[in-house]
Amino acid sequence: MTEYEAYQEHICYTHDTYCRIVIRHASFDAARMLAARWKQEISLEYLTEEKFVPFSTTDEYFSVPDYGETYPFSVRGQLVLLDNCALTAALARLPEQTQEEMFLYYFQHLTQKEIGERSGWTRSTIGRHIQLALKQLKEEMEVLSHE
């Protein structure tokens, strides 16, 4: 065997060894990944043996909730009934312009652009007003919960 042929054979063996190592490590990674996934998964048989889990769900999104007591909140001459007393009181503490923007955005479902066109502000300004109003509303509700 010539020196060139020996070198070529060495290259083939080195490449084969490299490929085997890569494949072996890939299989180790795949096994590790499967083991991690199996550790997180729960068998359906286990769930049915332990407790009754219905195989279907009921969508309650469209059902009308029973709120019990409602609290009236008036803005722009329109009456809104809320089911949360603290929310109603916190909304009443906000400035009139803020109340109006919140009413138009959340109850009338107008876009920020439409509200801005009505009030003469830009869309981004109305978005910032609503963001600040939500922050202020949260603070008001926290104050009311401590009283």
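**View 1. The hairpin of E1 and E2 in the predicted model.** Two residues lie between the strands of this hairpin, and Arg 76 takes a positive phi near 50° there. E1 and E2 run antiparallel and are joined by five bridges; strands are taken to pair if DSSP finds at least two bridges between them. Tyr 71 stands opposite Leu 82 in E2. Helices (H or I, at least four residues) and strands (E, at least two) are DSSP runs, numbered from the N terminus. The model is a predicted one, in which local features need pLDDT of at least 70 and side-chain atom pairs count only at pLDDT 80 or more, while totals for chains, interfaces and linings use all residues. Residues are numbered from 1 along each chain as its sequence is written, and side-chain values use heavy atoms, with hydrogens and water left out.

**View 2. The whole protein.** Six helices and two strands make up the secondary structure, in the order α-α-β-β-α-α-α-α from the N terminus on. Of the 147 residues, 17% are buried (buried: under 20% relative accessible area; exposed: over 50%; partly exposed: in between; 1.4 Å probe, protein chains only). The protein exposes about 12300 Å², and carbon and sulfur atoms supply 56% of that area (Shrake-Rupley method with a 1.4 Å probe; for residues, only the protein chains shown count as cover). Among contacts with a separation of 6 or more, 47% are between residues 24 or more positions apart, a contact being heavy atoms within 4.5 Å.

**View 3. The largest nonpolar core.** A nonpolar core is a set of buried Ala, Val, Leu, Ile, Met, Phe, Trp, Tyr and Cys residues joined through side-chain atoms within 4.5 Å. The largest one has 17 residues, of which Phe 73, Leu 82, Leu 91, Phe 103, Leu 104, Ile 115 and Leu 137 touch the most other members. At least two residues each come from strand E1 (71-75), strand E2 (78-82), helix H3 (85-93), helix H4 (96-107) and helix H6 (123-146). H6 gives the most, with five residues. Apart from its neighbours within four places in sequence, Leu 137 is in contact with Leu 87, Ala 90, Leu 91, Leu 94 and Met 102.

View 4. The side chains of Arg 93 and Glu 140 meet at 3.3 Å, N to O, in a salt bridge (a side-chain nitrogen of Lys or Arg within 4 Å of a carboxyl oxygen of Asp or Glu). The pair links distant parts of the chain, with Arg 93 in helix H3 and Glu 140 in helix H6, 47 residues apart. Arg 93 counts as partly exposed because its relative accessibility is 40%; Glu 140, at 18%, is buried.

**View 5. A salt bridge within H1.** By the same rule the count comes to two salt bridges. One of these joins Asp 29 and Arg 32, whose closest N and O atoms are 2.9 Å apart. The two residues are three apart in helix H1 (residues 3-40), so about one helical turn separates them. Asp 29 is partly exposed at 44% relative accessible area, and Arg 32 is exposed at 54%.

View 6. Tyr 106, Phe 107 and Leu 134 form a nonpolar patch on the surface, with about 250 Å² of accessible area together. Patches are made of residues with over 30% relative accessible area and no salt bridge; like charges are joined within 9 Å, nonpolar side chains (Val, Leu, Ile, Met, Phe, Trp, Tyr) within 5 Å. Phe 107 lies in helix H4 and counts as partly exposed at 34% relative accessibility. His 109 is found in the loop between H4 and helix H5 (112-119). Although not a glycine, His 109 has a positive phi of about 55°; at 64% relative accessibility, His 109 counts as exposed.
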